[in-house]
Amino acid sequence: MNTEARLSIRGQAPAIVRRNPPFSPGRIGAMVLRYVYLIRGSWPRIVELAYWPTMQMILWGFITQFLIGHSNFIAQAFGILLSGVLLWDVLFRGQLGVSMSFLEEMWSRNLGHLFVSPLRPYEMLVSMMVVSLIRTLIGLIPASLLAMMFFGFSLYSLGIPLIGFFFNLIVMGWSIGFMASGLILRAGLGAESMAWAAIFAIAPICGIYYPITVLPNWLQTVAFFLPASHVFEGMRAILVDGAFRPDLMINAALLNVVFLGVGMAVFLAFFRSARINGVILQVGE
Amino acid sequence: MLHPAIEVTDLAKHFGSIIAVDDVSFSVSAGSTTALLGGNGAGKTTTISMILGLLLPTNGTVSVLGEDVLRHRYRVLPRMNFSSPYVDLPRRLTAAQNLKIYARLYGLPNIRQRLREVAAAFDLGDFMDRQVASLSAGQKSRVALAKALINTPDLLLLDEPTASLDPDTADWVRGYLKNYQTATGATILLASHNMGEVERMCDDVIMMRAGRIVDRGSPPELIDRYGRTNMEEVFLDIARGREQDGDWSSATQ
């Protein structure tokens with residue numbers, strides 16, 4: 001250490017302004033910056049974000065090309081499988097974006113530092129939503145553009161409703177991501193597979209590739225309570241019948257209000273449980 | 001009248017049938033450096049976690065800088081900070097990125113200037129732009145301490161601040177913290193297993209064993225009371241259950 005460094009205690013620091021509002025865009029911005037640094041600092045991470053959606057799209061594009069000569073349903077609505085796979089990825093990446101951001105903090109054993117700072121848990125949730133949105137767009141946009149190049153199909157042909165589909169799916173993904181993150185916080189990294197697996201529990205029920213009517217009656221009832229089911233039904237209504245179904249969009253949005261509220265409440269309950277059981281300082285690889 | 005920086009009353013923490021902290025009461029004077037000592041499992045880290053509000057007590061109250069931590073934790077968090085070898089900074093981020101993020105989380109007004117100051121104070125210039133993962137243990141500790149002081153805290157809680165440091169760096173850290181306290185009037189509560197460090201830095205020592213406070217006093221008082229020559233011998237006496245009678249409880253009032 002040099003002498004100058006030894007003598008510098010506060011430097012010429014101005015008086016510290018201890019602004020501490022209950023909701024701070026500055027703190028949310030700090031957390032978003034943390035994840036942006038992480039993504040930006042590793043080109044394989046950026047490639048990986050776009051890689052899986054693109055591979056899925058190519059796979060289902062060729063399946064579509066094969067089925068188009070063998071199925072009237074597919075022939076009538078070219079792109080129904082490609083739209084399904086791309087929109088499913090919004091749901092999947094939305095959830096993964098939240099869960100992975102939280103796992104990054106657990107892997108790096110940083111939660112103790114974060115939660116002795118003025119950062120509120122709900123501010124962390126908001127930052128995770130923003131990062132999830134960025135990650136999902138990084139994955140979706142290249143895959144959708146390549147679908148145009150390879151198969152001549154544009155996801156954007158869904159029109160304005162695509163915006164509603166996108167946000168309904170990503171919000172549902174966030175909700176499940178919050179629940180999975182809370183569970184991982186409470187149960188430890190032994191439960192980290194939840195970050196990947198949680199969303200697949202609803203995949204067979206929400207009608208990504210087939211109408212909900214294919215399901216047994218009792219599963220159709222379960223599907224009715226999933227926002228994603230209404231989104232995928234709405235998507236098919238546009239592609240097959242050429243009709244926008246506002247009722248399905250409204251159903252999805254209302255259900256998502258409940259899903260998001262429950263997801264946040266579950267995370268905060270697990271967070272409180274973690275404070276009771278003393279796991280926040282113990283988590284890590 | 002000045003509040004004590006920390007006031008802990010009837011604090012207890014049970015994990016099922018395990019009693020980690022058992023009805024502990026003490027106060028820490030503003031501007032003092034106080035050590036929380038004890039063997040492994042004595043309850044030091046649990047107590048510090050409850051003071052930080054990271055752990056909710058089974059019973060009791062914690063007041064920090066005049067605020068009830070259980071009810072108004074967020075009023076006091078901007079005025080305190082913490083460092084521990086059990087908590088890391090994100091390893092894939094550079095030292096500068098980490099410090100910038102924490103400066104933002106604490107709402108500091110002039111972040112570039114503050115980063116320059118802590119970089120100079122902790123001699124971080126050579127590795128500010130390196131990933132934390134690539135730093136030596138000593139360099140990581142300096143970055144962690146820079147983070148702990150980024151908001152110029154009035155209360156600093158340090159869990160083993162010089163663990164894993166070489167003697168030269170550890171000596172520098174101790175000197176730095178002492179100077180910081182003299183310059184700012186901050187209060188420092190530290191848990192340590194380094195008795196030389198405690199003798200050099202601390203005005204007051206709280207000794208814990210099995211979740212309870214078993215003795216308290218300044219290092220010279222404790223050394224005198226136990227008829228020993230240094231704090232290491234006092235520590236061994238207490239850890240092995242050979243406490244001396246003393247009116248240490250009056251010091252908690």
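What share of the contacts in chain B with a separation of 6 or more comes from residues 24 or more positions apart? The share is 66%, where a contact means two C-beta atoms, placed from the backbone, within 7 Å. This is a predicted model, in which local features need pLDDT of at least 70 and side-chain atom pairs count only at pLDDT 80 or more, while totals for chains, interfaces and linings use all residues. Residues are numbered from 1 along each chain as its sequence is written, with chains lettered from A and ligands numbered from 1 in the order in which they are written.

**View 1. Chain B as a whole.** Chain B holds nine helices and ten strands; these are DSSP runs numbered from the N terminus, helices being H or I with at least four residues and strands E with at least two. Its radius of gyration is 18 Å, close to the 18 Å that the globule rule gives for 253 residues, so chain B is as compact as a globular protein of that length. (That radius is taken over C-alpha atoms, and the rule is 2.2 Å times the number of residues to the power 0.38.) Along its principal axes, the C-alpha trace spans about 55 × 40 × 40 Å. Of the 253 residues, 52% count as buried, meaning that 20 or more other C-beta atoms lie within 10 Å of a residue's own; 12 or fewer makes it exposed, and anything in between partly exposed.

View 2. Two strands pair here if DSSP finds at least two bridges between them. Strands β7 (155-159) and β8 (187-191) run parallel over five bridges, and Leu158(B) has Leu190(B) as its bridge partner.

**View 3. Zooming in on Ala137(B).** Ala137(B) is found in helix α5 of chain B. Buried or exposed, or something between? Ala137(B) is partly exposed, because 13 other C-beta atoms lie within 10 Å. Leaving out residues up to four places away in sequence, Ala137(B) touches Ser164(B) and Leu165(B).

**View 4. The four-stranded sheet of chain B.** This open sheet has the order β2-β1-β4-β5 and antiparallel pairing. Its edge strands are β2 (18-28) and β5 (67-68). Strand β4 (59-64) pairs with β5(B) over two bridges, and Ser63(B) stands opposite Asp68(B).

**View 5. Where chains A and B meet.** The contact takes 41 residues from chain A and 44 residues from chain B. On the chain A side, α2(A) gives the most, with eight residues.

**View 6. Helix α12 of chain A.** At 1.5 Å a residue, the 32 residues of α12(A) should span 46 Å, and the end C-alpha atoms are 46 Å apart, which agrees. (The expected span is 1.5 Å times one less than the number of residues.) Its buried residues, including Phe259(A) and Phe267(A), pack against α7 (121-151), α8 (161-187) and α11 (227-241) of chain A. Just after the helix, Gly278(A) takes a positive phi of about 75°.
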